[in-house]
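Please open the structure in your viewer and keep the selection tool at hand.

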2 protein chains.
Amino acid sequence: MSDAGADKGHPAEAGDVFKALADPTRRKILDELAERDGQTLFEICSRLTMKHQLGSSRQAISQHLEVLIKADLVASRRAGRYKFHHLNTEPLERLTDRWRNREAKES
Amino acid sequence: MSDAGADKGHPAEAGDVFKALADPTRRKILDELAERDGQTLFEICSRLTMKHQLGSSRQAISQHLEVLIKADLVASRRAGRYKFHHLNTEPLERLTDRWRNREAKES
DNA sequence: TTGATAGGCAAGTAACTGCTTGCCTATCAT
DNA sequence: ATGATAGGCAAGCAGTTACTTGCCTATCAA
């Protein structure tokens, strides 16, 4: 229960998670963090450019990370001038169960 | 042309599924079909308006259904002047496993 | 301190998305 | 055939989104 970066005012609705996952670049960022957790913004940038030929600028990735953090899929942690990003798969757990279990809950 | 709306040229990538799920109205349509499968366009329209106060027009819902069909989340079947829509949960099965199992595959 | 590195903020832009509007086709009942 | 019902097609519009550009702050090494 010592969650880092999870609650920042709103409790990260399910809609935020779906919208965050809707972008291919954001999905690649999650892939990158799944492969190597705890990367900084610059690390993610350069590795994404290397491996996926994704010419995304630093600011673009930064904005994508904001969306992922708001969706509670990424938690960030400051350490000096570095800011490390960690993947949080908890919002993915029962994300699609509402249609598979035939039980709707929220929007 | 006896196909049930599943394959129409492209094989429904994972990105299409995420983008389809990103819209709250489309998620409610899936909720509606999960509760009562095989509804027509007009049925979905009226029931969505009744239960969710969703003032969505017929054309709006029709376009949402197109997106869901392209994502292979909904299959449609013609019968006379009616067109019934069926929920297909198969694309949801291992949708988020790529981050939970630490194994990336496609965009 | 100075310079380099890591990152943040905000305005502007181009493309996309959800929805409307208007008109059209197809099927069925009478 | 005629009208009513079920649905399709396409152009246009407004709000959103992804990205860029430019400048700013903070931390660390020399």
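**First stop: a covered helix**

Select helix α1 of chain B, residues 14–21, which is mostly covered, with 6 of its 8 residues buried. The model is a predicted one. Colour the buried residues of α1(B), namely Ala14(B), Gly15(B), Val17(B), Phe18(B), Ala20(B) and Leu21(B). Against which elements do the buried residues of α1(B) pack? In chain A they pack against α1 (14–21), α2 (24–35) and α5 (97–100), and in chain B against α2 (24–35), α4 (58–70) and α5 (97–100).

**Second stop: the contact between the chains**

Display chain A and chain B together. Chain A brings 22 residues to the contact and chain B brings 23 residues. Between them the two chains bury about 2,300 Å², and 62% of this lies on carbon and sulfur atoms. Now select Arg27(A), Trp99(A) and Arg100(A), which supply 29% of the area that chain A buries against chain B, more than any other three residues.

The rule finds 4 salt bridges across this interface and 6 residue pairs in polar contact. On the side of chain A that touches chain B, the elements giving two or more residues are α1, α2 and α5 of chain A. Helix α2(A) gives the most to that side, with 5 residues. The residues on this side of chain A comprise 10 nonpolar, 4 polar and 8 charged.

Side chains of opposite charge can pair when their charged atoms come close. Over all chains, the structure holds 16 salt bridges. Select Asp31(A) and Arg98(B), whose side chains meet in a salt bridge at 2.7 Å, N to O. Asp31(A) lies in helix α2 of chain A and Arg98(B) in helix α5 of chain B, so this pair joins two chains.

Next select Arg100(B) and Glu93(A), which form a salt bridge with their closest N and O atoms 2.8 Å apart. Arg100(B) is partly exposed, at a relative accessible area of 31%, and Glu93(A) is partly exposed at 33% relative accessibility.

Then turn to Lys51(B) and Glu35(B), whose side chains meet in a salt bridge (2.9 Å, N to O). Lys51(B) lies in helix α3 of chain B and Glu35(B) in helix α2 of chain B, so the pair ties together parts that are 16 residues apart in sequence. In chain A, select Glu32(A), Glu35(A), Arg47(A) and Lys51(A), which are joined into one network by salt bridges that share partners.

Finally, show DNA strand C. Which of the 21 residues around DNA strand C come nearest? They are Phe42(A), Lys19(B), Ser57(B), Gln63(B) and His64(B). Of the atoms of DNA strand C that come within 4 Å of the protein, 66% belong to sugar and phosphate.

Select Ser57(B), where an N or O atom of the side chain is 2.6 Å from a phosphate oxygen of DNA strand C. At Arg26(B), a polar side-chain atom lies 2.9 Å from a phosphate oxygen of DNA strand C. At Arg81(B), a backbone N or O atom lies 3.5 Å from a sugar or linking oxygen of DNA strand C.

Helix α4(B) gives the most to the surface near DNA strand C, with 4 residues. By class, this surface has 4 nonpolar, 9 polar and 8 charged residues.

Key
Residues are numbered from 1 along each chain as its sequence is written. Chains are lettered from A and ligands numbered from 1 in the order in which they are written. This is a predicted model: local features need pLDDT of at least 70, side-chain atom pairs count only at pLDDT 80 or more; totals for chains, interfaces and linings use all residues. Side-chain values use heavy atoms; hydrogens and water are left out. Buried means under 20% relative accessible area, exposed over 50%, partly exposed in between (1.4 Å probe, protein chains only). Contact means heavy atoms within 4.5 Å. A residue is near a molecule or strand if one of its heavy atoms lies within 4 Å of it. A polar contact is a pair of N or O atoms within 3.5 Å; within protein, one must be able to donate a hydrogen and the other to accept it, and residues adjacent in sequence count only if both atoms are side-chain atoms. Ala, Val, Leu, Ile, Met, Phe, Trp, Tyr, Cys and Pro count as nonpolar, Asp, Glu, Lys and Arg as charged, and the others, Gly among them, as polar. Buried area is the accessible area (1.4 Å probe) that two parts lose on being put together, summed over both.
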